[in-house]
Amino acid sequence: MTKYKTHLLVCGGTGCRASASDDIVENLKQELENKGLQDEVQVVMTGCFGFCEKGPIVKVSPDNTFYTQVKPEDVTEIIEEHIIKGRQVTRLLYKDPKKKETVADSKHMDFYKKQIRIALRNCGFIDPENLDEYIARDGYMALGKCLSEMSPKDVVDQIKESGLRGRGGGGFPTGLKWEIAAKNEADQKYVVCNADEGDPGAFMDRSILEGDPHAVLEAMAICAYSMGATKGLIYIRAEYPLAIKRLIIAIDQAREYGLLGKEILGTDFEFDIELRYGAGAFVCGEETSLIHSMEGLRGEPTIKPPYPAEKGYLGKPTNVNNVETYANIPIIINKGANWFNKIGTEKAKGTKVFALAGKINNVGLIEVPMGTTLREVIFEIGGGIKDGKKFKAVQTGGPSGGCLTEKHLDTPIDFDNLIAVGSMMGSGGMIVMDEDDCMVSMAKFYLEFTVEESCGKCSPCRIGNKRLHEVLEKITGGKGEMEDIQRLRNMSNVIKDTSLCGLGQTSPNPILSTLDNFYDEYLDHINDKKCHAGQCKDLMTYFVIEENCVGCTACARVCPVGAIAGEKKQSHFIDPSICIKCGACEERCKFDAIIVK
Amino acid sequence: MSSIKVKIKEKDLNTIKEICKSFDNKPGELINVLHKTQEKFGYLPAEVQEIVAKELNMSVAKVYGVVTFYSFFTMTPKGKFPISICTGTACYVRGADNVLQEFKRQLEIEVGETTDDGKFSLSCLRCVGACGLAPVVLVGDKTYGRVSPEGVKEILEEYKEI
Amino acid sequence: MNKVKLTIDDKQIEVEQGTTIYKAAKELGIEIPTLCYMNLEGLNIENKPGGCRICVVEVEGRNNLAPSCSTNVWDGMVVNTHSMRVINARRTVMEFILSDHPKDCLTCPKSGSCELQDMATKLGIREIPGQEYAEMSTYKTDFSPSIIRDLDKCIMCRRCEMMCNEFQTVGALSAFHRGFESAVGPAFEMDLEHSSCTYCGQCVAVCPTGALTEKDHTRDVINALSDPTKKVIVQTAPAVRAALGEEFGMEAGTLVTGKMVSALRRLGFDYVFDTDFAADLTIMEEGTELLDRITKYLGGDKEVKLPMLTSCCPAWVSFFEHHFPEMKDIPSTARSPQQMFGSIAKTYFADKISTKREDLIVVSIMPCLAKKYEAQRDEFKVDDNPDVDFSISTRELAHLIKEANLDLNILPDEDFDKPLGESSGAGVIFGTTGGVIEAAVRTAYELHTGKKLEKLDFEQLRGFEAIRKATVDFDGTPINIGIAHGLGNARKLLEEIKEGKSEFHAIEIMSCPGGCIGGGGQPLHHSDSSILKARSEAIYREDAGKPIRKSHENPYIIKLYEEFLGKPMSEKAHHLLHTAYFDKSKKIEMS
C-alpha cells in the first residue's frame, strides 16, 4: 500500500454494488489511466462502509474525504477536481441534516461519531481480495502470537477473560464454549463458522465476510488451535454469492501464504477450511440444525444436550460460532482481554453490530459499544425518523425479538437488558417504525416468517405458530374478538415453553411484546375495527368527499370491480360492499376527493 | 409389478454422475451435490433426484426430504428472468408487499410460479443485505433498489424485448 | 455407572446416570404421557425425536419445560410432572395437534386403538379453540395393496420413518416439506406402490394414529361368506393364535388356537385349516433344497449357492428384489406357507371336494400386511384367479369376530379340519424368529443323517437377539446357521454374503421384530416389547405340547406326497410350490 500516494476506496458492499459501484470503480480506473495517474492513485473496492443510506460511497485516503451517493458519471469530476486540483467536490459531500452544513470527514459525522468499530475494523479500509492489505493492518499477527507465545489454554483463558459472548443471538460466553470443546478428547474435532445469516433484516455477517474475510479465517484458526481441531467449515448462505467468492479467494490466498494447511507459520499446527452451503432454511441458524444440514440432512434441530462441543459434526466435538463473534477474536488476542473487557457493560463486553433499517434516516450497518442506548442509536447515529414522522417502535432481534417503544429508548443495549424489556439482541437487526406502521400487522409479518421457516419437527412450533398467525389474520381482518387476546397470550406462552429449539422458543415474542407495548392498538382492531396506521386493508373504507368531487368519472373508470357510481359532473359514491380496497381510485383522483379511513 | 424406470438423457446422466463423483459419492455431501446439480439444470426434477440418490447410495425419499426442506431448491423450472422480491423486514416496512402484489398483477402469476412463456418467475427472498435501498427487487443477478409499485412496469419493460 | 438422586412429584428416587426423566418417572410408577416416544426394550428400537412435546415436565431451575423423554436426570433434580403450568401446556399442545387432525373418529380404522384418541380422552379435551378458522394440512390418500396412508392424520411422531429407515433400512419413507406442510411419506409423495416399500407393515404397527392402517379386506370376506355358490376355506398363520386373545382382553401370550377355530367355524367358513400344515410342507421343500445344496457343495460343486436363505417372509422377498436383486438366486425358491397352502388348496383339495377353482375362496388370517401384497402377486395366480383370494390380519379377524357377537373368551376349543389342518410343532414355530430354521433343522438332520433327533429344542436358535449364529452338528458335518429378524439386520448378513465373507450354510430371515409374532397385522403392541416376548413363548409352548413335532412326520404331509406331489422337489412340487424372484430395483433408461 505504500507506493501509492492516494487511495480511492469504493464501497463494494451489496447495497452499493446494487447502485452501480462496480461501474464507479471501472470509471475511476479508466479516468486515472486517461490522466496517467494509475501509478499514483490506487482504486480499491472495499467492503461495506456501513452508511448504506448514502451509498455508493467513495472515500479518498489519506485525507478521509467521504463522498456520498456517487454516480458513475461523477467520476470525472472527482478525479479532475479532487485528485488533480486538490479541491473537494462539495456537492458530493455529506450534508448534516441538523446543522445544514457539509461534513467532509466521516469521523465528524453523527453516523460514525459514536461508533467503535471492532468487528467491522477493516470493512471499508482494505481490499478484501488482497491478503497483503489484511496483513498490513496486523492481520494474522494474532494467530502468530497464539502459535508462538501462547498455549491452547492461554488462548481459551484470554477469550474467557475478555468476556466475549456469542453474537449470533444466544449470547453464550465464547470462551466457555471453547473450553468445553477443548476438554472433550477426540481423534477429530471441528471448528464451524455459522454464516447462515437468516434474520430478515440483518446483514452484518455478510458485510464482514465481504469486507474482511481473513479476520474470520484467522479467528477460526485460533479457535482450532485452542481446542485441538484441524478442520474448519464455514456454513454460508448460498444467497450470498459475493461473500462466497471473497471467502474462496481468501482461503486460497491463506493456503498460498502458509496460513492454512499444514505447518502453519512454520509450526506443526495444521488447519484447513472448507465451505458448506446453506440452502434457505432459517432454522439452520440453530447450531444442531446447522450441523445436520452440513451432514447433508434436513436441517432439523435435535435436543441439547448433547451439545455440539460434545457431539457435533459427524458426532465429533465441534465449536460453532457466528461470523461476528469470530471477527472479534484476532483483535482480542492482539490487544489483550483487558483492552476488550473495558468496552461495554458489566455483563456484556465489547461492541455489537446492528443493521439499522426501516423508517430511519441513516439506514446502514453500525457498530456500537454494548450499553449504548436505543435513543443514541436511533436519533444520533440513525439521524432520527424519516420524513419528520413520529417514532413509534423499534424492533430488535428479528423474528425472535420484540417491538420496543418510546419508554424503552433509554435502555442501554445488552443481552440481558433487551430480554428484560421483552425483546432480544438476536443477530442485530434493528428495524425502526413510525406512525404509519401497524403493530398488529408487524407481529403478523413475523409470524408469517416463522410459520414459513418452522422445520415442522415439534408440534407447538409446527402447528402453534400457524394458529397464532390465523388469530392475527382474524384480528387484522376485522373479525377479532376479545377472547382472541387471551388465546394469543396462552398459545404464545405455551409455544415458548414447549418448543424444541430457539426458533419456537422465541417465535411468539413479536406478539407478546406488541401485546405488552401496543395493547390499545389490538383493542382498536378488535373493538373499533380500526387500524389507525392504515395498513390493515380490511379495516379501511374508501370515501368520496362530496365537496371535492367534480364528477370527472376517472375513479369509476379505473375501479376494477365497478364499485363507484355517479353521474358525470356530479359527486360520486363508493359502494363499500363491492369495494376491494385496491386504492386505484384514490391514486387516480386528481382532486383529493377520495380518502381512506 | 415390474421395476420402476427412470428416463433421462445420457448426457444429463453423465453430468449428474460427474457431480456426485466430484464429491466422492458421499451421502453427507447431498446438499452440495444438489446445489451443483441445480446450478446445471436450473431445477431438480424427480428423475434427477432418483439418480443423485442412486449415485450417493441413499434412499430417494431422503433426497426428496432434503430438497423439499430447503427453500433454495426447486422442482419447477425457473423463468428466463427470475424475479425475486426481498421480503426482509426492512423492505417490508418500506412497502415490499405492495411491490409484490403489483408484480403478481402484472405477470398474472403467484409466488413460486413461472409465466406461460417461460420468461418470468416470481419468488420471495429474505434480506439481500441492501436495506439502504429498500424495497429491493432482484431480476436475475441485477438489483433494483427503492422500487415502488409504479416502477414495476418499468422494470418488466426492460426484459420484454430480450 | 454412577447413581443420581432426584425428586419427581415429591417422591425421591435413585437411578443410574444417563437415565431420562421419563424412565425415572416410570420406575416410580408415574406414566408421563407421550405421543412420539417409543421404546421396544430388548430389541434396540427407540424413537426419541422429542417432537410431540406432550411429555414436557417442569424442572426446577430451568426456564422452559423439559421434554422428559429426552432430558437426562441430574443429581438433585426436582421434577414436577403435573404442575398447572405443565397441564396447561400439555393440553394446549394437544389442542394444537388436534386442530390439524381430522375429526372422523367414527369411521377411522384406528378408532378404539388410537393413541391420539386415548390421549385426547386422558387430557380431557372437549373442544378445539379456533377450529372454525384453523387451516388443516391435507395430502392425497395412498391405497396400496397392503397399507393405506392417510397423511391428514400424520402427527409427525416419526416412528414410521424410524422403523422404515433405521430398523428396516428400506428407506421408503422420509419426512418431506417443512413446517406446517411437513409429513412423512415416499419420495415425491408418490404411492407406496412406486417406492421400495416391502409392505412389512412395521410403520403401521407403530403409528399412533390412523395415518397408517392396513388395507381392510373384511368386507370381501363377508361377501364371500354370503355367497352360496362359493366354498370358503380359511388358513390361519401360526403367530395369530398367540396374539388374537389380546384383542379380547386376554393377557399377552395366551394361546387361543381352539377358540379361534371355533370362532372361524361360527363365522361360516366351510373348512377351517391351518397355515401350519403348509409350513410343514415348506419344510419338506425348503429342507430338501437345503440338503440338496449342501450335499452338492460338500461334493465339490462350486456353482451351488450357499448360504441358502429362507423365503417365507414376503416383505423380505420384496426387500431383496428391491435392494439386492443381484442376489435373487440365493434364497430358497420355496413359496411361503400362505402361498403353498393356496396352491394345494386350489388343486389337491379342490379336487377332493369336487369344487372348481373359481368356486373355492381361500382366505388367510395373517399377522402380516405384506401377505396382502403377496397374495395378489401375478406369479400366484392361475388364469387371473389368485391362489389366496383374501388375506386379512389378526386385527381384522378380531373385528369380524366381534362383529359376529362372538366373545373369544367363552368360545369352546375346537379342532382344525382335515386334511389341511393337521400340523406338527415345527409348523407352529414358524411364527417366531428362529422358528423356521429350527423346523428345517429338525427335518434336515433326520433326513441327512438317517438318525432320530434326541432333543428337539434347539435353544441356541431361539431368543430375540438381532443376529444369532449357531452351528448344528449334522453327525460330523457342522452346519452354520444364521438368523436375523428385522431387515436392517438382514442387510448386514447380505452385505457379508456379497463380500464373500459369509460363513453360513443357511440363514433365516424374518422382517419383523421377533418374527411374525411382531408382524404389522398383529394387535398393536403400543411399544411394549414384553408383549412380543410373551407371544414368542406361547408359540414354543404350543410346539412343546404337540404330539408330532417334526414336519416330515405329519401324516397328512406324507399322504399329500403319496397321493399328489410325489416327492419333495418333484416336477409337480416345483410347479406348485416353488417360485421365481424378480429384479425390482429402479432402472435408469436413456432417452
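This is a predicted model: local features need pLDDT of at least 70, side-chain atom pairs count only at pLDDT 80 or more; totals for chains, interfaces and linings use all residues.
Residues are numbered from 1 along each chain as its sequence is written, while chains are lettered from A and ligands numbered from 1 in the order in which they are written.

Step back into helix 2 itself: its 12 residues, 30-41 of chain B, reach 16 Å from first C-alpha to last, close to the 16 Å expected at 1.5 Å a residue (1.5 Å times one less than the number of residues). Helices here are DSSP runs of H or I with at least four residues, strands are E runs of at least two, and both are numbered from the N terminus.

Among the buried residues of helix 2 of chain B are L30(B), I31(B), V33(B) and T37(B); buried takes 20 or more other C-beta atoms within 10 Å of a residue's own, with C-beta atoms placed from the backbone. Their cover includes strand 9 and helix 12 of chain A, plus helices 1, 3 and 4 of chain B.

That brings us to the interface. Here 32 residues of chain B are in contact with 38 residues of chain A, contact being C-beta atoms, placed from the backbone, within 7 Å. On the chain B side, helix 2, helix 4 and helix 5 of chain B each give two or more residues.

Terms used:
A residue is buried if 20 or more other C-beta atoms lie within 10 Å of its own, exposed if 12 or fewer, and partly exposed in between; C-beta atoms are placed from the backbone. Two residues are in contact if their C-beta atoms, placed from the backbone, lie within 7 Å.
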